[in-house]
There are 2 protein chains.
Amino acid sequence: MSASRAALRLQQVASHTGAPAPLRVAVIGSGNWGTAIAKIVAENTQDEALGFARQVNMWMFEETIDYEGRQRKLTEVFNERKQNVKYMKGIDCPDNLVAMSDLTKVAEVSDVYIIVIPHQFVDSICRQMLGHVSRSAVALSCIKGIHVDKDGVTLFSNVISQRLGIYCGALSGANIASEVAEEKYSETTIAFNPAHGNSFPHADQRMDTARMKSLFQRPYFRIGTIDDVAGVSLAGALKNIVAVAAGLVDGLGYGDNTKAAIMRIGLVEMLHFGKVFFGNEVRTATFFEHSCGIADLITSCSGGRNRKCAMEFVKTGKSMEQLEKELLQGQKLQGAATSKEVHELLTNRNMVGQFPLFTAVYRIVYEGESAEKLWLMLGSKS
Amino acid sequence: MSASRAALRLQQVASHTGAPAPLRVAVIGSGNWGTAIAKIVAENTQDEALGFARQVNMWMFEETIDYEGRQRKLTEVFNERKQNVKYMKGIDCPDNLVAMSDLTKVAEVSDVYIIVIPHQFVDSICRQMLGHVSRSAVALSCIKGIHVDKDGVTLFSNVISQRLGIYCGALSGANIASEVAEEKYSETTIAFNPAHGNSFPHADQRMDTARMKSLFQRPYFRIGTIDDVAGVSLAGALKNIVAVAAGLVDGLGYGDNTKAAIMRIGLVEMLHFGKVFFGNEVRTATFFEHSCGIADLITSCSGGRNRKCAMEFVKTGKSMEQLEKELLQGQKLQGAATSKEVHELLTNRNMVGQFPLFTAVYRIVYEGESAEKLWLMLGSKS
């Protein structure tokens, strides 16, 4: 069914019953964070009063796994057991969450896309969805990270919006996926307001900020809502640089005062970066008052792999590349990579001096500067 | 020498040499934080260019101690060894820091009072100093805490100011005393501006914000300056309530998401409390951007005795009174006591519902509410 036919069908259902057709939700992605998110969404769509279709479709990249001695498809095992046995083992998902491996089909039968994929797949996912998306649909990006090069900063929510021709908001917060899946009390921040700026006149007007919040709000998962899509996305990416600095301090054994100072300075630089590159679109409160800012920073600087690798970097003297191999199974250390991208951008704009902490992290990780000099590099700014 | 004679003497010296007499600094108090502060100040007054008298007098409550097998006065041992062997053992202080046990004499020969004493001694110290203080003198309170009862909130900086008839600012930050003494990189916040509001026309105009900053700024101790004396003092007291909540969460084993949420909610409630009781005198940035706010909160929720006692409270089921006795050698757990005082005030003003986290801490510690209900008490506010 094409996008326009899907929209027509939706209208027919609505006019036939007299009541608007319930909004159909898809979760695009099924890693550990995708599964935790899909579980929450499917719990909420069981409440008919919220106006969503009960069934939530989760697009799952098909894999063959060894399960109970047999080769099985991951989607089939999920739909039998309602567990993502590969990426979120032991967590039971609701019966109304259905795994599907056909992305175009998922796209066609959905009005709301919750996108939770690794950022390197954004391009190819959007390409596959294009032509199967109704122009009344909306999206919410739960993708961590931003694209930075020497020319500027690009938000993945903007990439999705441009590629699919629909509004895309963002969700980010102090959310370690396993803790959310275990229903330990957490908060998150959603920036979602399709009416803002009036750029998407075809967006289904029922999907406003409050409706999106209702899709995620649980007794154990509390939602704050704001308008600032850029701030949410920037905070979720830039905090990784600060977490590297926190790990350096922990590795040096400098104590709680120093670490708190690093986190404070880091948060102020994060906001400053947002203001420089996105102007008043970025709000101060996003960084200082919401889960996506201060709380996510605290979580990342307390635990997390950026901090851990940076600690080992100081303690062992190994290069960050070596530690990535040893500790992250080939994944990139986001905080280090982001510090490099940001440094290239700041150098190009002649703004290095405005960001002493970001710069210090880059110099220590990539230019062989001594970690002991971290606080001297900050202290020079009095 | 009386206060007026002291002022006259100062003028004579100034007119005789043609240059203004250097400002004479006293540190009132010599516990661990007082000693760390006095060490910093005395390091800075060695730089003649800053315009302070080289010698810094530290008022020390006289005690007889057993030192190298003999009964000795603490002041004498300090002045011989330049170590506070009772409260900051192993830390060498500069030669120009002199311990004195005569409070009235210290008051008379000083233009700047840095006051670092336990809050319960503020009344008696001010009473002893009164009549020996020049009206051109100024003070800076490094006292942690606020006085709260059902009628309102009183800042110790205001108490000092009213009792001594001079301007009093405040200093607070993420400052574990031993780490500062060991010269580990730290930051602090000073709110000091005698010209603000023009209430102290006799204050020595040389002692402005920049001059006070110069008295504390060290390569390892970085100073942020603001005007908001109330905010600095409130943040340093209210964060202890949040640290109790953080300890409860740690005791329950709820994980990093929950703890970060508690800290975020706590910081927002701290600011709200300030705005309710001090209006626009209190600035948002004091809590979110400065060391006295976010950074001190992080330090207290990571370590510190409030967090530790609250953890044990959950794990052992013992009462807070019992844990105070066992863990704090008779000291009061500040966070618990503050939560009670704040609760009485909020009840009296019919404002309990506006502060769910502060209220939850009070109910759990004093009214037998289950710690597991902490997040339910917060979650109800959607």
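Modeller: Let us begin with the term itself: two residues are in contact when they have heavy atoms within 4.5 Å of each other. This is a predicted model, in which local features need pLDDT of at least 70 and side-chain atom pairs count only at pLDDT 80 or more, while totals for chains, interfaces and linings use all residues. Residues are numbered from 1 along each chain as its sequence is written, chains are lettered from A and ligands numbered from 1 in the order in which they are written, and side-chain values use heavy atoms, with hydrogens and water left out.

Biologist: How many residues of chain B are in contact with chain A, and what area is buried between the two chains?

Modeller: On the side of chain B there are 42 residues in contact with 42 residues of chain A. The size of an interface is often given as the accessible area lost when the parts come together. Here buried area is the accessible area (1.4 Å probe) lost by two parts on being put together, summed over both, and between chain B and chain A this is about 3400 Å², with 59% given by carbon and sulfur atoms. In chain B the residues losing the most area to chain A are Tyr185(B), Asn257(B) and Arg264(B), which together account for 23% of what that side buries.

Biologist: Which side chains meet in a salt bridge with Glu187(B), and which element gives the largest share of the side of chain B that touches chain A?

Modeller: A salt bridge is counted when a side-chain nitrogen of Lys or Arg lies within 4 Å of a carboxyl oxygen of Asp or Glu. The rule finds two of them across the interface of chain B and chain A, including the one between Arg264(A) and Glu187(B), at 2.6 Å from N to O. As for elements, helices (H or I, at least four residues) and strands (E, at least two) are DSSP runs numbered from the N terminus; those giving two or more residues to this side of chain B include β11 (186-191) and α10 (256-278), and α10(B) supplies the largest share, ten residues.

Biologist: How are the two copies related?

Modeller: Two copies of a chain are related by a rotation about an axis and a shift along it. With copies superposed by least squares on the C-alpha atoms of residues with pLDDT of at least 70 in both, chain B can be laid on chain A with an RMSD of 0.1 Å by a turn of 180 degrees and a shift of 0.0 Å along the axis. The copies are therefore related as by a two-fold rotation axis. The same surface serves both, since 100% of the contact residues of chain B recur in chain A. Of the residues of chain B, Phe288(B) comes closest to the rotation axis, at 2.9 Å for its C-alpha.
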